[in-house]
Amino acid sequence: HGAYETSIEQATTDDPPDGAYFSRSGNELVAPVIEGDSSHTIALWGDSFAVQYAPRYEKLTKTVKDFPRVVVMTYGGCPPLPHVNRNGVSWDGSPWRCDLFFEKSLAQLKNPSVRTIVLAAAWEDWLFGLERFHSTNDPTHAPLNESGSARKAVMDDFEKTIAELEKSGKRVYIVLSAPFGD
């Protein structure tokens with residue numbers, strides 16, 4: 001094997017840390033931390049897609065002098081979008097709490113030590129799987145693919161959220177999904 005093949009083989013054994021989870025009470029968001037320079041924090045925020053970047057951050061905190069600490073705020077199955085929840089039961093057997101995840105994450109992102117936010121998600125799940133999600137502002141919980149006004153309101157609120165974070169001095173990066181196909 002060449003260096004490239006060896007590198008790929010080693011990557012298959014990377015064990016990413018778990019993402020954030022809710023405490024036993026179900027109300028507190030607990031986010032794993034990859035220790036680094038505590039004067040600056042990077043927040044990795046998103047769904048399970050975002051967790052794939054955690055091993056790289058872990059390596060950087062160990063190899064780059066003064067690399068910031070990283071808070072891993074991810075909740076598999078939930079896009080980090082305001083006023084959105086997923087229909088059905090989550091992977092942990094409880095109702096989905098996407099909206100609570102968003103609110104709790106946003107509160108942690110306002111911490112002054114968080115200077116950089118990396119937002120990553122399986123955006124195609126959101127864009128092409130709208131029937132699985134509903135707006136929490138809609139009392140009927142109609143799927144977002146059936147409500148153009150609710151979908152627009154979610155995207156408008158998402159844009160406002162990013163603008164507010166940037167206005168508060170945070171650097172926000174939105175990572176697009178990897179290509180996929182049939």
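The points below take up the charged pairs and then the nonpolar cores.

1. The model is a predicted one, and a search of the whole structure finds 3 salt bridges, which are taken in turn here.

2. Lys 65 sits in the loop between helix H3 (54-63) and strand S5 (68-74), where its side chain forms a salt bridge with Asp 66, the closest N and O atoms being 3.4 Å apart. Lys 65 counts as exposed because its relative accessibility is 70%, against a cut-off of over 50%, and Asp 66, at 53%, also counts as exposed.

3. Within helix H6, Asp 156 and Lys 152 are 4 residues apart, about one turn of the helix, and their side chains meet in a salt bridge of 2.9 Å, N to O. Lys 152 is exposed, with a relative accessible area of 52%, whereas Asp 156, at 29%, is partly exposed.

4. Lys 160 and Asp 157 also both lie in helix H6, 3 residues apart, and they form a salt bridge whose closest N and O atoms are 4.0 Å apart.

5. The largest nonpolar core has 31 residues, of which Trp 45, Leu 109, Ile 117 and Trp 126 touch the most other members. Elements that each supply at least two residues of this core include strand S4 (37-46), helix H4 (98-109) and helix H6 (148-167). Apart from this core lies another, of 13 residues, among them Leu 44 and Val 72.

6. Leaving aside neighbours within four places in sequence, the contacts of Leu 109 include Ala 43, Met 73, Leu 165 and Lys 170.

Definitions and conventions
Residues numbered from 1 in each chain as written. Predicted model: local features only at pLDDT ≥ 70, side-chain atom pairs only at ≥ 80, totals over all residues. Heavy atoms only, no water. Core = buried A, V, L, I, M, F, W, Y, C linked by side-chain atoms within 4.5 Å. Buried < 20%, exposed > 50% of the residue type's maximum accessible area, 1.4 Å probe, protein only. Contact = heavy atoms within 4.5 Å.
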